[in-house]
Amino acid sequence: MLYNRHIPETDQNTFINFICNSLILSGIHISHIQIRRSLNKEKEEMDPWVRGQLAGCNEAWKYVAQKKIIQCQDLISCLMTINEKTVGQVCRSDACDSRYQSSELNKLRTSKVGGGETSSIPHEEVPSYIEKLFINLEKHDLENDEYIMPRRVRFSSATKLARIAWKTQFQIGYICPFFQGNWLSARLLMNILRCHWSLPWLIMSTEDDPKQDKGRAYFDERKKWFNLFDEEGVLTDIFVD
């Protein structure tokens, strides 16, 4: 079913800044200049991390452009494809980091998480948690649909949906549904939800305080979310203040 929603305009600079900061938050330091230079190279010559992020952004935008109501399995499939696009480029590169493997791409993980990430959810429980999380996203989409109109969203709904999108990335990071690349995929999912709900593409800040490590505020908030999930469960309706 098609919905008459407005897709916020998003320019190249927004994507470049998002890619740079998202990579930094995952411990991969590639500058804005390096990303811009990569855009002028042939696909095979691009840095695999940049190539993967560009492919992930394209896949995310393709989903948003459909303007279809969220359906649980479709969105899960989209996230799986994004994860494959994002990390697959690195796994298949000649200089592949041994932490990254292509054996578990394009599917929910069937073993302990790898790629230097950690999870609080056993792999046997991943499919159940992901399905319940995405069923909730489907429910929120339906409940707020009448308040998401072309070029405007009811303020109360916009606030609620923005919080849900922001929280979802931490839920994905807590569950770690993939063997690797969970956080990179989670931040793209957050922006899929935002744009689907007519909210602008969000760039995470990594320089809240120049005296602190890059992304310190983000990691401090992640700790608060994880503490909440430890106490209330990852599917809780409660939000971090």
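Which residues in H5 meet which residues in H6? The legends below take up this contact and other close-up views of a predicted model.

**Figure 1. The contact of H5 with H6 in the predicted model.** From H5, the residues Val126, Tyr129, Ile130, Leu133, Phe134, Leu137, His140, Glu143 and Asn144 take part. They meet Ser157, Lys160, Leu161, Ile164, Thr168, Gln171, Ile172 and Ile175 in H6. By class, the residues of this contact comprise 10 nonpolar, five polar and two charged. The axes of H5 and H6 come within 12 Å and cross at roughly 170 degrees. That angle is over 145 degrees, and H5 is therefore roughly antiparallel to H6.

**Figure 2. Threonine 168 in helix H6.** Helix H6, which spans residues 155–175, holds threonine 168. The relative accessible area of threonine 168 is 2%, so this residue counts as buried. When residues up to four places away in sequence are not counted, threonine 168 touches Leu137, Leu189 and Leu193. Thr168 is also one of the H6 residues that meet H5.

**Figure 3. The crossing of H4 and H5.** The axes of these two helices come within 9 Å, with a crossing angle of roughly 120 degrees. The crossing is right-handed. On the H4 side, the contact is made by Cys72, Gln73, Leu75, Ile76 and Leu79. On the H5 side, Ile130, Glu131, Phe134, Ile135, Leu137 and Glu138 take part. The residues of the contact of H4 with H5 fall into eight nonpolar, one polar and two charged.

**Figure 4. The largest nonpolar core.** This core has 63 residues. Those with the most contacts inside the core are Leu75, Phe134, Ile172, Ile192, Leu193, Trp197 and Trp201. At least two residues of the core come from each of H1, helix H3 (48–65), helix H4 (72–91), helix H5 (126–144), H6, H7 and helix H8 (216–232). The helix that gives the most is H7, with nine residues. Leucine 75 touches Tyr63, Ile70, Phe134, Leu137, Leu189, Ile192 and Leu193, with residues up to four places away in sequence not counted.

**Figure 5. The crossing of H1 and H7.** Helix H1 covers residues 12–25, and helix H7 covers residues 182–196. Their axes come within 9 Å and cross at roughly 140 degrees. H1 and H7 are therefore oblique to each other. Their crossing is right-handed. Phe18, Ser22, Leu23 and Leu25 of H1 make the contact with Leu184, Arg187, Leu188 and Asn191 of H7. These residues divide into five nonpolar, two polar and one charged.

**Figure 6. Arginine 187 in helix H7.** Arginine 187 has a relative accessible area of 0%, and this residue is therefore buried. Leaving aside neighbours within four places in sequence, arginine 187 is in contact with Phe18, Ser22, Leu25, Ser26, Gln169, Met204 and Tyr218. Between arginine 187 and leucine 137 there are 50 residues in sequence and 15 Å in space, taken from C-alpha to C-alpha.

**Figure 7. Glycine 114 in the loop between H4 and H5.** The relative accessible area of glycine 114 is 12%, so this glycine counts as buried. Glycine 114 touches Phe179 and Gln180, not counting residues up to four places away in sequence. Glycine 114 and methionine 149 stand 35 residues apart in sequence, and their C-alpha atoms are 41 Å apart in space.

**Figure 8. Lysine 67 and serine 198, two residues with a positive phi.** Lysine 67 lies in the loop between H3 and H4. The phi of lysine 67 is about 55 degrees, although this residue is not a glycine. With a relative accessibility of 31%, lysine 67 counts as partly exposed. Serine 198 is placed in the loop between H7 and H8. Here phi is about 65 degrees, and serine 198 is likewise not a glycine. Serine 198 counts as buried, at 12% relative accessibility.

Key. Residues numbered from 1 in each chain as written. Predicted model: local features only at pLDDT ≥ 70, side-chain atom pairs only at ≥ 80, totals over all residues. Heavy atoms only, no water. Axes fitted to C-alpha atoms, helices over the stretch in contact; angles between N-to-C directions. Helix = DSSP H or I, 4+ residues; strand = E, 2+ residues; numbered from the N terminus. Parallel < 35°, antiparallel > 145°, perpendicular 65-115°, else oblique. Left-handed = near helix turned anticlockwise from the far one by under 90°. Contact = heavy atoms within 4.5 Å. Nonpolar A, V, L, I, M, F, W, Y, C, P; charged D, E, K, R; others polar. Buried < 20%, exposed > 50% of the residue type's maximum accessible area, 1.4 Å probe, protein only. Core = buried A, V, L, I, M, F, W, Y, C linked by side-chain atoms within 4.5 Å.
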